[in-house]
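Here is a short briefing on selected local features of this structure. Topics are grouped below.

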Amino acid sequence: MWKSKNKGCVFKAFMTILTVFSIMVIGGISYMNTVLPKEFNVISGENLTLDSKIPIKAVYSGESQIESKISNNKNENYSVKLKAFGIFPIKQASVNVVSKTDVYVLGNPFGIKIYTDGVMIVGLDSVTTENGKVSPGADAGLKEGDLIISINGTKVYSNEDVAGIIEASKGKELTLKIISDEKEKTVKVTPALCYQSGKYKTGIWVRDSSAGIGTLTFYSPALKTVCGLGHGICDVDTGKLLTINSGELVKAEILDVDKGSAGAPGELVGRFKEECFSNLKINNDTGVYGNCDLEFEKNSLTQIAFKQEISVGDAEILTTIDGTTPKLYKCKIEKIAHNNSVTKNMVVKITDDELLQKTGGIVQGM
């Protein structure tokens, strides 16, 4: 009888452990399915490998055919099954075979001048008339972040363009072509006569340009393209990404650092120099881009790593916090997220005593 009970207890314990293990595996697979991206890049001749706490293997279908694609072809893509421990299926992913990309890592300070494509609405206000306050812009459905492209068929590029057309309307209805929530719309607005100024107004505040100091990220000699910031430039009031009409990148000098602290990110303080080294072509979530022809030391090219090649541990940050010359500072990559985000995929902690003393960490513009 004792032996029978003992066997029963062992069996129950085994089933409990098996159940807990199964729950952990299912939970881990569900989590990895969420955080792992659906698409990866690899260099021609290399296989997909992932640096993860849980061993993840990319299992190919049609091994010989895949090996041929990896070895011989660029701009090809194929599917793999990502499996935990090479056994438990997580998700299907796409792998692109690409050429290696070499860039010059920079860290130099630069100035940015942006002129928007149209004008952005940054505020809505009321207009005081003889009969009280009215809000023509708000009543028409306009809101902060909307981009005004044209008025009555005339393209607008500046605050002055908008104010001039509104004043010349003499109170007649205006047709505005706008971009709102990434969709093009047509809106009708009737200006009101302001009692205090005697001018016609719509109660909208607009911005046509932006400027600031940042840090250059890299230069690609093959594409003759320079990139800066590592994030897009957004309007300070609306938080919307600015759509550029034109702009330029100019050399800059860092004069001081507004030290960061908890709740206050701090920023680099600098001044523009007159020398423009690139036009500005793109402002997107990953940074600002321009075309130029720059010269650097031939032995300083660095190959770009793919996200699956990054690992936690000690690293260095290249930036300028004084003058114009970049310097390396110690940091640590504490966490990596293999996700589909292009801007939020790792946590970096500054460990360099000198940099911490002068900046408090990573500040705006760095």
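Leu-242 makes contacts well beyond its sequence neighbours in this predicted model. Setting aside residues within four places in sequence, Leu-242 touches Ile-114, Thr-116, Met-120, Ser-210, Ile-233, Cys-234, Asp-235 and Asn-283. Leu-242 sits in the loop between strand 16 and strand 17 (244-258).

**Leu-242: setting**

- Leu-242 is buried, and its relative accessible area is 4%.
- That value falls under the 20% cut-off for buried residues.
- Val-119 is 123 residues away from Leu-242 along the chain, yet their C-alpha atoms are separated by 9.6 Å.

**The aromatic pair**

- How many aromatic pairs does a search of the whole structure find? The search finds one.
- The partners are Tyr-104 and Tyr-219, and the pair is stacked.
- Their ring centres are 6.5 Å apart, with 15° between the planes.
- Tyr-104 belongs to strand 5 (residues 102-105) and Tyr-219 to strand 15, so the pair ties together parts that are 115 residues apart in sequence.
- Both Tyr-104 and Tyr-219 are buried.

- Four strands form an open sheet in the order 1-4-3-2, with mixed pairing.
- Strand 1 (39-43) and strand 2 are the edge strands, each pairing on one side only.
- From one strand to the next, the twist averages 40°.
- Strand 2 (residues 56-60) and strand 3 (residues 76-84) are antiparallel and share five bridges.
- Strand 3 also runs antiparallel to strand 4 (residues 88-98), joined by nine bridges.
- Lys-83 in strand 3 stands opposite Lys-57.
- On the strand 4 side, the bridge partner of Lys-83 is Pro-89.
- Strand 2 has two faces: Ile-56, Ala-58 and Tyr-60 make up the covered one, while Lys-57 and Val-59 make up the uncovered one.

- A sheet of three strands is open, with the order 22-23-24 and antiparallel pairing.
- Strand 22 (313-319) and strand 24 (346-350) are at the edges; each has a single partner strand, so one side of each is left without a neighbour in the sheet.
- Neighbouring strands in this sheet are turned by 45° against each other on average, direction ignored.
- Five bridges link strand 23 (residues 327-336) to strand 24 in the antiparallel sense.
- Ile-333 has Val-348 of strand 24 as its bridge partner.

- Most residues other than glycine have a negative phi.
- Which phi does Lys-170 have? Phi of Lys-170 is positive, near 55°.
- Lys-170 is in the loop between helix 4 (159-168) and strand 11 (174-180).
- Is Lys-170 buried or exposed? Lys-170 is exposed, with a relative accessible area of 55%.
- Lys-224 is not a glycine either, and its phi is positive at about 50°.
- The loop between strand 15 (204-220) and strand 16 (225-228) holds Lys-224.
- Lys-224 is partly exposed, at a relative accessible area of 40%.

Definitions and conventions:
Residues are numbered from 1 along each chain as its sequence is written. This is a predicted model: local features need pLDDT of at least 70, side-chain atom pairs count only at pLDDT 80 or more; totals for chains, interfaces and linings use all residues. Side-chain values use heavy atoms; hydrogens and water are left out. Two strands pair if DSSP finds at least two bridges between them. Axes are lines fitted to C-alpha atoms, for helices over the stretch in contact, and angles run from 0 to 180 degrees between N-to-C directions. Buried means under 20% relative accessible area, exposed over 50%, partly exposed in between (1.4 Å probe, protein chains only). Contact means heavy atoms within 4.5 Å. Rings of Phe, Tyr and Trp (its six-membered ring) pair if their centres lie within 6.5 Å; planes under 30 degrees apart count as stacked, over 60 as edge-to-face and the rest as tilted.
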